[in-house]
Amino acid sequence: MTSTSEKTVPGAVGTAGGGPKTGRGRPVRHRDHAVPHWLFVVPALVVYSIVVLCPSLAGVMYAFTDWSGIGGFSFTGTENFRTLFDDGRALESVTNTLLLTIAVVVVQNGIGLLLALGVHTGIKSRALLRLIFFAPAVVSPVMVAILWKYVYNPENGAGLNGLLGAVGLGSLRQDWLGDPSLALWSVAAMVVWQYAGYSMVVFLAGLQGVPAELHEAARIDGAGSWQRFRYVTWPLLAPALTINLMLSTIGGLKLFDQVYAATNGGPGTSSETLSTVLYKEAFVYGKFGYSTAVALVLALFVAAVSLVQLRYLRAREVTA
Amino acid sequence: MSTSTTRGPAAPGRGRRRPRYGRYVLELVMIAVAVVFLFPVYALITLAMKDPRQISESPLALPSPPTFGNFGDAWSSASLGPALVNSTVITTVSLLLLIVIGSTGAYYLARCARGLGYGLYILFLLGIVLPFQLGMIPLYRLVDDLGWLGTYQGMVLFYTGIQLPFTVFLYTGFIRALPPDYAQAALIDGCNHRQAFTRIVFPLLRPITGTVVILNAVFIWNDFFTPLLYLGGSDKETVPVGIFAFVGQYVSDYGLVFAGLVLAALPILIVFVVLQRYVIKGFAGGLKG
Amino acid sequence: MTTGSRFRPDRSTVGRRGFLRIGGGVAALAALPPALTACSDSGGGSGKLRVVGVADQQKPIEELVALYRKSRPGDEFATSFAPTDQVQTVVRTQLAGGNAPDVHVLYPGSGSAMSMVELAKAGLLADLSAQPWAREVPANFHPAYQHDGKTYLYSAGSSVIGAIHNKKAFARAGVEPPKTWSELLDVCAKLKAKGTIPIALGTQTPWVTQLITYALVPNAVYAKNPGFDAEMASGKAHFRGSGWADAMGKYQELQRRGFFNENPNGTTYEQQTSMVASGRAAMAVQVSAVLANFRQAARNPDDLGMFPFPGGDDAGQLWIPAGIVVGLGVSARSRKSAAAKEFIEFLGKQENVDRWAQSVAAIPFKRGASTKTDPVLDGFLPLIDDNRAVPFMDQSWPNAEVQPAHFAAVQNLLAGKTDVDGALGQMDEAYGKKS
């Protein structure tokens with residue numbers, strides 16, 4: 001894989017260290033310059049610590065208490081964590097969370113990539129199309145869910161069902177949010193609709209970093225459009241792909257607003273995810289301490305998944 | 001640099017050597033996809049132009065007659081005028097801080113990709129992973145203690161901090177893909193780190209800066225919970241707080257709500273269109289630098 | 001992996017030094033906040049009375065605040081309203097952060113995270129017992145307003161659950177509002193024969209799931225055993241095997257006979273409203289607070305009526321659910337508690353209780369000569385005066401998990417995923433959890 005792409009793309013601009021002027025023989029003195037001064041990262045670290053790290057660390061304490069969220073509390077050691085592993089509701093929601101995440105990651109990024117490739121061409125309507133594809137991402141997720149309940153109206157003549165009937169696909173009509181085996185997927189479709197344009201924007205930023213000269217060169221070398229995509233565009237899209245996959249995975253695992261506003265975890269508990277369980281424990285059932293324990297476990301889980309993903313994707317970026 | 005001097009995206013299929021019909025087919029396919037994407041948008045706009053009775057009778061039919069009164073009503077009853085000012089101030093200042101702090105921080109992390117640099121990078125990444133409930137109450141106490149509830153600076157601090165991991169993540173990914181040679185050359189030519197960054201590296205980051213701006217803007221502009229928590233009842237309330245006040249459990253006027261939503265979405269869409277142009281132009285100019 | 005490795009030597013030295021300094025700075029900043037606490041004023045520093053309510057309270061509160069300020073223009077208010085879930089989350093966070101609004105939304109009785117009992121137990125509410133209106137709350141409403149004999153909740157009155165019906169749809173099928181359960185089944189059958197959906201049901205919206213059970217339980221449980229709550233609390237009774245099974249069975253029977261719209265679990269409250277307002281459906285079991293929403297959706301508001309949903313077969317001994325509506329409480333730690341209490345006292349005057357009640361179609365907890373209730377509620381008043389009204393069941397539940405368990409149980413029941421015993425078992429399990 002590596003060798004082919006290097007052949008087609010001499011001196012690819014996209015990968016660090018692949019540029020023409022770098023070389024192992026460079027004097028040490030110059031290498032010192034390559035690393036920016038550590039002061040560059042200080043402002044970010046300070047703000048990040050004040051707003052995210054320190055409060056979260058302080059918040060971790062609640063995981064070891066029986067705090068209801070108001071009033072006093074006492075420390076209960078690891079009881080919350082022990083409860084968690086007997087909590088059928090929380091464990092059930094893990095499956096839903098994973099299914100939802102996989103669906104969203106695969107479909108959203110697949111569509112996002114195709115959209116980006118489609119609008120990153122000479123077609124006349126590209127500016128308008130970009131706007132249309134991105135527009136859903138601009139609406140607040142809770143409102144999107146409220147809106148989609150009109151689309152998912154199960155009555156025959158209404159919403160999506162009405163549309164399906166009108167174009168002769170009446171047999172595909174569904175009880176989108178009311179069928180327990182379908183509700184989760186209906187939410188996933190809504191999320192994909194909203195964020196495919198979001199992925200598209202990140203892919204576009206990557207595509208815009210692919211110099212046209214490379215395509216020209218490849219074309220002159222006789223490469224077809226699939227080959228140009230495979231060996232020119234795709235390797236250079238690696239950073240964008242890393243970002244998109246990571247963001248949609250984390251976003252999928254933490255997805256809350258859309259699920260809560262669209263189904264509230266229902267019908268029954270069929271679309272409950274870890275985030276909705278966590279929210280309900282904290283603010284509906286008044287078990288803040290326990291919900292913090294759920295949040296911690298969720299965070300560890302998401303962190304583990306994303307670290308593995310990051311390692312793989314970064315390694316891939318270098319070799320691609 | 002012959003092709004990239006054109007204003008359009010520098011990409012394959014600009015049609016010189018390619019059979020033309022291929023482009024038309026692609027265009028037709030893309031338009032068909034767009035129509036599918038537009039169905040919920042159509043729903044949003046038709047709902048925004050109906051009164052409660054019309055919504056009840058035929059929610060998604062074309063409005064007949066269309067009522068534009070919802071837009072005026074939403075503007076006045078949700079105080080959208082002052083809310084737009086508040087949202088704009090909070091979003092703009094947060095974005096500026098995010099760009100400055102985020103890009104410089106990411107520059108260090110990207111160029112120092114092992115050991116401490118990698119550790120810090122993972123530490124920032126943790127910020128995307130952490131559920132926000134975890135730090136919510138301590139952070140609320142902090143902002144309260146600072147006396148910053150009901151103020152712009154409280155919200156700006158919150159958004160800058162909460163979106164920083166995401167911003168650093170986006171920037172780091174793209175800076176790592178930039179060859180370090182340009183900056184190195186500048187350093188050898190006698191620039192200091194700050195100059196090398198502002199003159200050489202940052203201009204090269206235009207495409208991703210555009211992405212950082214638009215994606216953060218969308219989040220900050222739409223965020224509802226924190227403004228309600230920090231600003232509720234003050235004269236600094238943002239657009240979503242104004243609109244959501246009309247979503248009742250028992251009684252709501254969704255025509256009004258969706259009209260407000262359409263008005264709220266317009267500024268962000270305009271920013272997006274402007275940025276797309278800037279970003280594309282920026283690319284062509286960037287590589288030459 | 002050629003990339004980056006050449007940066008190794010310098011990075012580690014610069015980095016480690018930098019990290020220590022950064023670490024020190026962060027530690028110093030983290031220590032800063034407590035030091036600032038002493039000299040800062042919470043609450044955004046304004047001299048306004050902060051009132052936070054749910055969106056449904058916006059109309060009455062804004063109207064009454066405007067009225068209040070006519071006589072005292074110097075008193076300024078900072079009001080904010082938002083959807084129920086979000087307000088609940090925000091106010092709980094503010095309570096936890098020790099910065100509660102002076103006056104905030106409060107749910108009657110117990111059984112939810114923002115309920116009067118829950119907050120009173122935590123010492124977060126100011127005692128309103130000394131206010132004149134508090135002494136006029138009828139005894140059967142005391143559990144909703146009071147905890148340990150002290151009044152903490154202000155609420156304008158009660159809303160009832162019954163059937164909101166479309167008179168034209170009834171006329172088309174030649175039927176009258178039924179007075180007994182068997183009449184109801186008969187009426188539904190006739191409506192169905194005319195092609196009208198007899199009962200619109202929108203259980204996609206969680207709170208709608210509970211309304212039919214609530215409408216049936218007073219007859220099935222409390223008419224026979226007024227001490228049921230106490231038996232539940234002592235563990236002598238359970239949902240399973242009680243009158244609740246009868247009520248759930250009737251719920252299921254209505255579905256089995258095809259008296260609901262198709263796919264109730266996919267139908268929202270808004271779609272339910274639309275079905276009845278347009279006459280596609282003849283009625284919906286609903287709480288009177290939604291009347292304004294049904295009316296604004298209808299071509300002619302007078303097409304809509306409301307009658308007690310007959311859960312039993314003795315027309316003269318019908319029981320109904322009537323729950324105190326969501327109200328307000330005063331924060332125990334409010335720095336403007338005097339001003340806040342004065343405002344609540346103003347709300348407690350008969351004419352203002354009437355105003356609030358009227359705007360949410362509730363029945364005032366006390367009625368004066370000038371009190372006008374919504375005419376469609378006339379059929380309910382005799383039952384309330386005859387003490388045949390039971391508070392909404394959740395208001396006496398011991399923790400906030402039973403109500404969501406009820407929602408899920410009903411959805412599962414309608415989806416055919418469980419039976420009556422299974423559904424009630426889910427609720428019993430939730431009831432047994434400590435609060």
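Keep in mind that the model is predicted. Where chains A and B meet, 94 residues of chain B and 87 residues of chain A take part.

**Chain B against chain A**

- The contact draws 94 residues from chain B and 87 from chain A.
- On the chain B side, the top contributor is helix H1 (residues 20-48), which puts in 14 residues.
- Sorted by class, that chain B side comes out as 68 nonpolar, 20 polar and 6 charged residues.

- Where they meet, 10 residues of domain 1 of chain B contact 8 residues of domain 2 of chain B.
- Two helices of chain B, H1 and H2 (52-57), each bring at least two residues to the domain 1 side of this contact.
- H1(B) gives the most there, with 4 residues.
- So what is the class make-up of the side of domain 1 of chain B that touches domain 2 of chain B? It splits into 7 nonpolar, 1 polar and 2 charged residues.

**Inside chain C: two domains, each in two segments**

- The contact involves 13 residues of domain 1 of chain C and 12 residues of domain 2 of chain C.
- On the domain 1 side of chain C, the classes are 8 nonpolar, 4 polar and 1 charged.

**A strand pair in chain C**

- One of the facing pairs puts C:Ala163 opposite C:Phe307 of E9(C).
- Which residues of strand E9 (residues 304-307) of chain C lie on its covered face, and which on its uncovered one? C:Leu304 and C:Met306 are on the covered face, whereas C:Gly305 and C:Phe307 are on the uncovered one.
- As background, side chains in a regular strand alternate between the two faces of the sheet.
- C:Phe307, then, belongs to the uncovered face of E9(C) and stands across from C:Ala163.

Notes:
Residues are numbered from 1 along each chain as its sequence is written. Chains are lettered from A and ligands numbered from 1 in the order in which they are written. This is a predicted model: local features need pLDDT of at least 70, side-chain atom pairs count only at pLDDT 80 or more; totals for chains, interfaces and linings use all residues. Two residues are in contact if their C-beta atoms, placed from the backbone, lie within 7 Å. Ala, Val, Leu, Ile, Met, Phe, Trp, Tyr, Cys and Pro count as nonpolar, Asp, Glu, Lys and Arg as charged, and the others, Gly among them, as polar. A residue is buried if 20 or more other C-beta atoms lie within 10 Å of its own, exposed if 12 or fewer, and partly exposed in between; C-beta atoms are placed from the backbone. Two strands pair if DSSP finds at least two bridges between them.
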